[in-house]
Every structure is written in C-alpha cells, then in structure tokens.
Amino acid sequence: MRRTTPPHNETARVDRGQASASPRNPVSPYSCRLNSTALDAGETFLRAEQAGLKLAIIGRIGALVLMGVWLIGTRADDPARALGYVLVLSIFAALGLAHYPLIGTRFDKRWVKYVFITLDIAIVSALVATQPLYPSAADLPPVMTFRAPVFPFYFVILGVAAFSFSPAMVMWTGIAGAIGWLSAFWHTASMVSGVRNWSEIPNNPTAEQIMAIVLDPRFGGLSGRIQEAVLLAVVAFLIAVVMWRARATLKRQLGALAPVEREATVLFADIAGFTGMTERAGAARTVEILNAYFDEVTRIIGAHNGIVTQFQGDAVLATFNVPVEDAAHARNAFAAARAILACVAEREFAGERIRVRIGINTGSLVAGNVGGGGRQSYTVHGDAVNLAARLEALCKEHGTSLLLSATTAKALPEAALVAVGDITVRGLAEQVTVFSFRERP
C-alpha cells in the first residue's frame, strides 16, 4: 500500500502518469474501469443473444438427459416405448447440436434461431397430435392424450427461447407454441365424433352431471385448450416485456457511456499522511480503513448525484454531470465535498482518524468508453481533471482542506468562499484563481 512517489512532494505525486499532459495534450490517467464488450448497443445485444442461445443449448442437452433417465427408466418394462423416447430425445438433442456450431458464424442469419425453435414446437405438436396415449389401447379416443401432462413441454421450449435475451424471439415462441398446441388438439379432435366440452356442463350442476361429461373418454375440453394456449402467449408476452425493459435500460446506460464533450465538475479527494498511516497500521488494517472510508465517500457522492469514476490508492476521483447529466453539478460537488469533510471530522474508519484534502474544478472535459481487445474503460480526459487533482495537492501548501477553482466558485454565489489568490499550476500556461471556504458564523 506504499505510495509510488515521495509523500512530501505533493505536486510530483499528483502528476504520476501524466508526463504527457499539457494544455495541448490534455491526457488524464484517472478513469473508471468498466467491463463492456462494445460501445454499440446492437452489437452488445447480439453477443448477449448468441451467448444465451449457446447456454440454452447446453442446458437443453442436460434437460434431455434428465428427462431421458426418467421417461426411459420408468418404462423399462416396455422396450418398444422406451426406444421411442430414445428416438425422440435424440432428435431434439441433434437439433441443438446442429444449431450450436452455427451461432456467431457467417451462416447465423437472424432467421436461423426462429427456424430451430419452430422445429422444436412442430415436433412436439406433431407427437401430441399423432401419438396415442397408450398404443396398446387402439379403441381409446385420441383426445385422451390431452389429459396427460404434455402441455408443460411448451413452457420448456419457451424457457429455452428466453435465454436468447430477444423479446421478438420469446413472443414468436409463445405465439407459435399456442398455434401448435391448438392445431394438435383440432387435428386430434377431428378424428373423434362428438368431442365433449366444458360448455356442456349446465348451470348449478350436480356431481353426477359433471363426472358424466368430464370422465367421458371423448372429453376434449376445447375451452381449456384455448385457455392453455392463451396462457402460453401471455407468459411469453410478460417475459418479452421484461426483456424489452432490460434492453432499454442497458441501451440508456451504454448511451450514457458513449463519448461526449461536456462541462462537468471534477472532485479529487486524497487522504493526508497516507504513507505514514500505512507504515503505522500495516497492510491488512490499511485495507480495512480504506474500505470503510470508501464506503462512506461513495455513499456521499452518490447522494449528491455524483459518480465515483476511480479509486487510485487512497485517492478518489468523482465526476458530476458525466456520465449522468446534472444541471447543478458544481453545487452538488461542493456539497459532497463539505459532507465528506464533515464525515471524516466526526467519525473513525476501522478505528483510525484520518484527514482528507479535496480539490474541485469545473470545466470542459471529454468522457466516454475507450479501449480495445474486448475491454473498455470509461475515461475522463482534459485539463479540468488535471486541475482538480493539482488543487487537492495544493491544499497542503495553503493550509486548507478544500480548494476550488474560479469556475466552480462562480457557480456558488451563495457559498461562503474566500479567495486564496492566483497560483501557478504546472501544465497550465496561465495562473489560476483558487478559492477555499469559511464556515458561516
């Protein structure tokens, strides 16, 4: 936890990594490392869909294995029927294995995943429509199949589709599943004369009247089948809405992290005497102190509409008005600084008293995701960032815990500020007027 620069050379410390910084080359190393695969929302969603489909296929194979163990194991005394289940499950597994290598390749067109999910639904529907409940009972009405628990298989297919993270895919699965289920029923019912329905039960029926209809081998319950189909479509719609909201939220976040040049306020806070504290406290306890301190600082900055964009050693860099817009960014940054100073004055952190120095500057900066190799960083660049860090370092020289630039002070006409004077800051051609604050009596 030792600093990499001499503790008594504050200006040198804040300049670490900034040898190339200048008014013409406003580069700052203070950035927040965020994991993101791409700036483009469409590309991000596409990769999420592809990863989800691959995961769904892996899960599908596992589910087929478990179903096979149950279906085949419980029918070991009927080899022909058990072999039929092996064949069907093998077909579903083969479809998944055929789809997996296509995902993410040049052959993976947008319609491909719809073809495979439609094949799943078509196969299940065809089996429901054509396979008798008990092959040995040839005179059993085919509609008896719909008394068996076969409808939940459509929800399994819907669950697989949900892995795609695609609202359109989920809705298609729900609608296609509903059509497949009703088609299977109508095909089966067409082979039975006098199919019975719930509507035949009279008002205020007796138990005998209900059983006479429901227990009739020709009972198909059309209204119940329609209700099941509607339920499947409704559940698909609800899942699609959840996905749409999640995608919309992610899209807004990606948009907020896109490159932008904007006026913002930068807050740079550092612990005074950090090197001495680490030597006294030791590494393990220093981590406890920093964690407790960072928890409070993050809470305070967030409560004032700011974003902590980096922890660097004992330093905290926070921005106001990027990436989240805030018209009162200068006032909120100043209020956050006052709250941080009040917090460290009132309490201990892991049993340790600390002092904090803060620099605040308002100015134009460039912010956004940059990077390569599949890794992105949300970074803030510019003299506005550099100046905030240097003002923090100058607090020690001027005997104060907070220094603000003139641009920040201008946005705080109601604050009790006092001019410190014009100072020369390395990297800037002109002197900078800085301010501190005094407590109101």
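**Exercise 1. Which helix gives the largest share of the lining of the largest pocket?**

Solution. The structure is a predicted model.

Step 1. Identify the contributing elements. Two or more lining residues come from each of H2, H3, H4 and helix H5 (152-162). The largest share belongs to H2, with nine residues.

Step 2. Classify the lining. The residues lining the largest pocket comprise 29 nonpolar, four polar and four charged.

**Exercise 2. Determine how helices H3 and H4 are oriented relative to each other, and describe their contact.**

Solution. 

Step 1. Read the geometry. Helix H3 spans residues 79-99 and helix H4 spans residues 112-130; they pack at an angle of about 175°, and their axes are 11 Å apart.

Step 2. Apply the cut-off. Angles over 145 degrees count as roughly antiparallel; H3 and H4 are therefore roughly antiparallel to each other.

Step 3. H3 contributes Val 88, Ile 91, Phe 92, Leu 95, Ala 98 and His 99 to the contact. From H4 come Val 112, Lys 113, Phe 116, Leu 119, Asp 120, Ile 123, Val 124 and Leu 127.

Step 4. Classify the contact. Its residues divide into eleven nonpolar, one polar and two charged.

**Exercise 3. Decide whether Glu 49 is buried or exposed, and name the residues it touches.**

Solution. 

Step 1. Glu 49 belongs to helix H2, which covers residues 41-73.

Step 2. Compare with the cut-off. Buried means under 20% relative accessible area. The value for Glu 49 is 10%, so Glu 49 is buried.

Step 3. Find the neighbours. Leaving aside residues up to four places away in sequence, Glu 49 touches Lys 113, Ser 164, Phe 165, Ser 166 and Arg 247. One of these, Lys 113, also takes part in the contact of H3 with H4.

**Exercise 4. Characterise the second largest pocket by volume, lining and residue class.**

Solution. 

Step 1. State the volume. The second largest pocket has about 170 Å³.

Step 2. Describe the lining. There are 16 lining residues, and Gln 131, Pro 132, Leu 133, Leu 140 and Pro 142 lie nearest the centre. H4 gives the most to this lining, namely three residues.

Step 3. Classify. The lining of the second largest pocket has twelve nonpolar, four polar and no charged residues.

Terms used
Residues numbered from 1 in each chain as written. Predicted model: local features only at pLDDT ≥ 70, side-chain atom pairs only at ≥ 80, totals over all residues. Heavy atoms only, no water. Axes fitted to C-alpha atoms, helices over the stretch in contact; angles between N-to-C directions. Helix = DSSP H or I, 4+ residues; strand = E, 2+ residues; numbered from the N terminus. Parallel < 35°, antiparallel > 145°, perpendicular 65-115°, else oblique. Contact = heavy atoms within 4.5 Å. Nonpolar A, V, L, I, M, F, W, Y, C, P; charged D, E, K, R; others polar. Buried < 20%, exposed > 50% of the residue type's maximum accessible area, 1.4 Å probe, protein only. 1 Å grid on protein atoms, 1.4 Å probe; cavity = no way out; pocket = protein on both sides within 12 Å on 5 of 7 lines; lining within 4 Å. Points joined across faces, edges and corners; volume = space filled by probe spheres on them.
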